[in-house]
Each structure stands twice: as C-alpha cells, then as structure tokens.
Amino acid sequence: MEGVDKEKVQKVIYEMSKGSKYFENEQRKEALTKQKIEHLRAQCAALTDNDISHFQKAAEKKMLELEASRDLSKIWLHTDMDAFYAAIETLEDPSLKGKPLAVGSMSMIATASYEARKFGVRAAMPGFIGCKLCPGLVFVRPNFERYTHYSELTRKVFQRYDPNFIATSLDEAYLNITNVCIERSITGEEVATELRTAIHQETGLTCSAGVAPNRMIAKVCSDINKPNGQFILPNDREAVLTFVSTLPIRKIGGIGKVTEQMLRQVLGISTCQEMLQKAAFLCALFSEGSADFFLSVGLGLGGTETPEQRQRKSISCERTFTATNDSSLLFEKLANLAENLAGDLQKEGLRGKTLTLKLKTADFEVRTRAVTTRGFINSKEDILIYATKLLKAEMPLSLRLMGLRMSQLHDEKDDSSTSTQKTLDIFFRSSNNASTGQQDFFVHDESIFIPEQRNLVNYSNEGVLSNPVIGDGLGGVSLDDVMNTEKLDDLSVLTSPEATASSCKPGQQLWIDGYICSICGFELPPGFEEERQEHSDFHLAESLQQEETVDSKRTISNESRLAERPCSSTPTPKKKLKSSKEGKHIPIDAFFTKCNKNL
C-alpha cells in the first residue's frame, strides 16, 4: 500500500459509506474509542509526582527482568504468501495476470492483487468501494477448496525445515530453523532463499520471508520486502534494538487501530522505542499484562520457544454475505455452514457438545447464541437440528454474517465422549432401590405420572401445563398450592438437611439469562421446549431418588431408636403422615402405594 494516496482513499470510503449502517456502526465504535481516550487522559492527569516515581521504579525493575529473559540462540523464520487467493486465481486463469483483481464480491473483498492495491483496494473492504477506487477492478468468487489444496502443498515444504512449524492461517507460518542452520552449517538467509525457491517450484506461487531471533520480529521482517522478497535481522542485541527504535507501533501484531490511537493521543507514543521512554505511564494506566507486552515490544522481545501442542478448544466457520432477511436463503446458508463444520470436525476426528451460532445483523449488531447438546455430535444432520432451532428463535431479522462454532470437543476414540445426559426412563430403569413392579409402573404406564409445571421464568409465550393437578399419588395437590409459599406451614423446611435433597426440583429451577439451568449450568435456549422439559424431568427424577434416600435413612434411624427403647405395654400411636401442604416431603413408597391402590 506504499505510495497510495491514503487521504483520497479515506475520503472515498467516507463519501461512499455515509448514511449507511456500516457508517453508523463505525461512528458508534469511534465514540467508544474517544471515551476510552478521555478516560485515560483523566487518569494520566491525576498522577502525582510520587505516583510517577513509584511506577518508574516498577517499570525499571520489570525491564531488567524482561532483558534477563532475552534469548538470542534461536532463529525464527516467518513466511507469508503473496496475495495468496488472488495469486492462485491468476495461476489457474493466466488471462487475469496483470489485471487489478479482487477475490470476493460487491459486499466484501477477501484479498486483492498488488495491481489493485496500488489504487487503495484492500482486504475487508466492501466491493462497491473497491470499484469506486479502481473502476477496472475484476471480481472472482472465492474457492476455498482450491486455496486449501495449495496451502497443503506449501505445508509439505515447511515440514522439511521444521516438523513442528506453526501455521497461523492458510498462507502464513512460523518455522524454527535453528536446527537446520546448525546441522547443515548454513545461515538463516540461505534457508529463507531455499525455502522460497522450493515453494515456487511446488506451487508456482511466490512468498516473502523474514528471519529474526524471535517470532514477533520475524513477522515484521517478512513484510519489509514484499512481494517475493526477504529480510534478515541478525541475532544481535544491538541490531534488534536499532531495528525496533524507529519501528511504528502499528507494525506490531497485537497493536491495532484502537490501541494505536490510545497510545498516540494519550502518551504521544508512535514508535516502539518510545514505549521505553513512557514506561512509567504504561505501568500506571494499563494492566500488568498489557504493560509487560508494551515493554517487551520496546525491547524487541518475542516468543522463542515452540508452543506445546494443546488440545483444540473449538472449531468454527463463518461467512459474510449481502444483508438479507430472506429466511429460506438464510437457512440455506446455515445448512452450508453446518456441512462445512461437520466436515472439519470429522476430518479432525472430533465431536463437540456446545454449538454456538454467531449472527451479525444488517445494523452490524453481533449476537451469539449457544446450546449444549445431550451427547457429542459431529454430523451435518445433528448440527443442523440445533442450529436451526437457534436461528428460528431469532427470526425475523436481516443478517450479513453467520457462523457456527463447536466447542467442548472430544476425540472420537475417547469412549467417555459417548456419554449422554440421563433421561427419566433411564433413571427409573437403573434404580436399585425400586422393585421390578415399580419400574414397570413408571416405564409402561406413563399416563399416571404427570410431570411438574415447567418453569416460566424468562418465558412470555409458555403457559401452564394443560392438567394443573398432580396425580393422586401426591394427594391431589394443585400446582398453585405447591408454588404458593404462603401456604407452607413451616418455611424452615426449605433449608433443613432433609430439604437439601430436593433443592433441585423443577419448581425451583430457573433458566438464567433465558438459557442456563440454575442447577447444573446446562445450556438450553427457550426454543428447545422438548429438551427443556426432558431436562426438568431429569432433575425431578434426581430429586425423587434423593428424597427416597433421605426417607430410607430416616426410617432406619427411627427403627434403631425404637429397638433401643424398653418395651412398653402401652402401644405407641402411629404418627400421622402430613400432607405436602404442611411443608413435609412425601416418601416415595407412599406414592407407589397410593398409585397402586388406584390401579
């Protein structure tokens, strides 16, 4: 983008987007950034001389610690493919060579060729603005299967130099070439030249490379001589400090537009070296982690060790498109996302349990909705069932982006991943305390057992169950009587040891924020009515089992005390069983007895 009239580009973007939803969203973000800047300025103005002296000492101590951690023994190479998507399209269609090319659509550009970049056209720019900047701009639809194929070819080359290379995207990677340089007695510059030549031979594409003592600086170096070039920074402390002394802070990965504005407008920091000069203020105004990062940037420090292979936390895919409220089109795009996500999961041999739907509306509002499934899934059909329910709950709306993410991942080979949440019938089938007849009663005669009222918190469209009376086994008590705490004779029963066993009854169950079970944290949005009912039944079954256990212990304890008492000629009158209206639990055996009598 060097040599581009940036003021002209910004003016075109402003004029073309003025009054649009994008423009309004950008204005909101700018207003928030201004608030942050004003807040930091107020904090900075409130610092006293003693405060600054204190933070200066803390900063100097931290810089000494960071300097002691400097490692110049490693050689890192960062490689970045040149205009990757556009270069592949030109390779596949030579007629596009030399033309200003944009991969994407009128709504969004994924990447642009160097011919188009001379006009100010860049990635993440709306296509209609790109056409205004470059009237002869040629558009090509993305082909991610093709891009993935070429990416795999480049990675086979990377494997030769570092089997544990770190791929950050389809077209970027970090390689630790220390061992290669030592074993073959060659320099980092020779490795970079050799690697770039090998990639060109294998793919027909060009790439740029940067070599430095750590990953942070290597990435900066790979951008210096683009396209099809390389830059080598020696493993020397003075060379590193000289390199970063005039380096603009925006060149550093992790410092974006907002952070750059805050540092520049509040502290007057524009280069990495100025980070060290304003170290006391950085420690005073920012968190410890942020201050450490800024000081590391000023010292030219970055990661030197290959990160350990960690278990993947999530897999996701998303697509941007022209804003639409056509429900059939939105569900079609959702099906495509589900297919892509399922393919990625199956390729990695993973299943997931928490599905998250990401939506960006036409007003650029971002929403995320999640659901936790009973079992681990990875098929398109299963993903689409849950994703469709999540999307239906948000309709109608106009969207410009949609994405799906699967988390809580487990390897398919892991037997524990096949476990699912227990259902009500499973509970009664597996109960060791219930007799065979009682099991058959619950399994086969479902009409006699009526579940408790569904929780109505955060519901506006759900009513009470059609039958407001619980079965005869509970003495014909109405739901209103059960839920009305004013009719309880003894409220202390709610906090008694016996009551703790039933503290998770569905009547007391809440859906926090409309989708999180207050008892176990399980996530089920309001649209999942059947699953919510099943989840409530599970807690009901759990509650009944605990009540039975508590009642059994109480009975055994009473029998023991009676056995220890001396025999009396006067018979002890039977204790009358209190009803649920008196605030006591109904023993589960009494429930079975009454129901059997009714049979």
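**Backbone, sheet and salt bridges of the model**

A124 is exposed, its relative accessible area being 56% (exposed means over 50%, buried under 20%, partly exposed in between; 1.4 Å probe, protein chains only). The model is predicted, so that local features need pLDDT of at least 70 and side-chain atom pairs pLDDT 80 or more, whereas totals for chains, interfaces and linings use all residues. Residues are numbered from 1 along each chain as its sequence is written, and side-chain values use heavy atoms, without hydrogens or water.

A124 is placed in the loop that joins helix 5 (114-117) to helix 6 (127-133); helices (H or I, at least four residues) and strands (E, at least two) are DSSP runs numbered from the N terminus. The phi angle of A124 is near 65 degrees, a positive value in a residue other than glycine. Most residues other than glycine have a negative phi, and most peptide bonds are trans. A positive phi is also found at F364, with a value near 70 degrees. F364 belongs to the loop between strand 10 (350-361) and strand 11 (366-377), and with 15% relative accessibility F364 is buried.

Strand 10 and strand 11 form a hairpin with four residues between the strands, and F364 takes its positive phi within this hairpin. The pairing of strand 10 with strand 11 is antiparallel and runs over eight bridges (two strands pair if DSSP finds at least two bridges between them). Within this pairing, L355 stands opposite V371 of strand 11. E365 and R367 are joined by a salt bridge, with N and O 3.4 Å apart (a side-chain nitrogen of Lys or Arg within 4 Å of a carboxyl oxygen of Asp or Glu). E365 is partly exposed, at a relative accessible area of 41%.

Two cis peptide bonds may be described next. One of them runs from K226 to P227 and has an omega near -10 degrees; P227 is part of the loop between helix 10 and strand 8. Another cis bond leads from M395 to P396, with omega near 0 degrees. P396 is located in the loop that connects helix 17 (380-392) and strand 12 (399-407).

Five strands make up an open sheet, arranged in the order 5-6-1-7-8 with mixed pairing. Its edges are strand 5 (166-167) and strand 8 (230-232), each of which pairs on one side only. Strand 7 (residues 207-212) is paired with strand 8 in the parallel sense, over three bridges, and G210 stands opposite F231 of strand 8. Helix 7 (residues 144-161) packs on this sheet, where it touches strand 1 (76-81), strand 5 and strand 6 (172-176); contact means heavy atoms within 4.5 Å. The direction of helix 7 makes an angle of about 10 degrees with that of strand 6 (axes are lines fitted to C-alpha atoms, for helices over the stretch in contact, with angles from 0 to 180 degrees between N-to-C directions). Helix 10 (residues 215-222) also packs on the sheet and touches strand 1, strand 5, strand 6, strand 7 and strand 8. Its direction makes about 140 degrees with that of strand 7.

The loop between helix 12 (257-267) and helix 13 (273-277) contains T271. T271 is buried, at 17% relative accessibility. When neighbours within four places in sequence are left aside, T271 contacts S245, T246, L247, P248 and I249.

The model holds 26 salt bridges. One of these joins K74 to E305, whose closest N and O atoms are 3.3 Å apart. K74 lies in the loop between helix 3 (49-68) and strand 1, and E305 in the loop between helix 15 (288-299) and strand 9 (314-324), so this pair ties together parts that are 231 residues apart in sequence. K74 is buried, with 18% relative accessible area, while E305 is partly exposed at 48%.

Another salt bridge links the side chains of E260 and R264, with an N to O distance of 3.0 Å. The two residues are four apart in helix 12 and are therefore separated by about one helical turn. E260 is buried at 15% relative accessibility, whereas R264, at 42%, is partly exposed. Salt bridges also connect E67, R70, R237 and E238 into a network.
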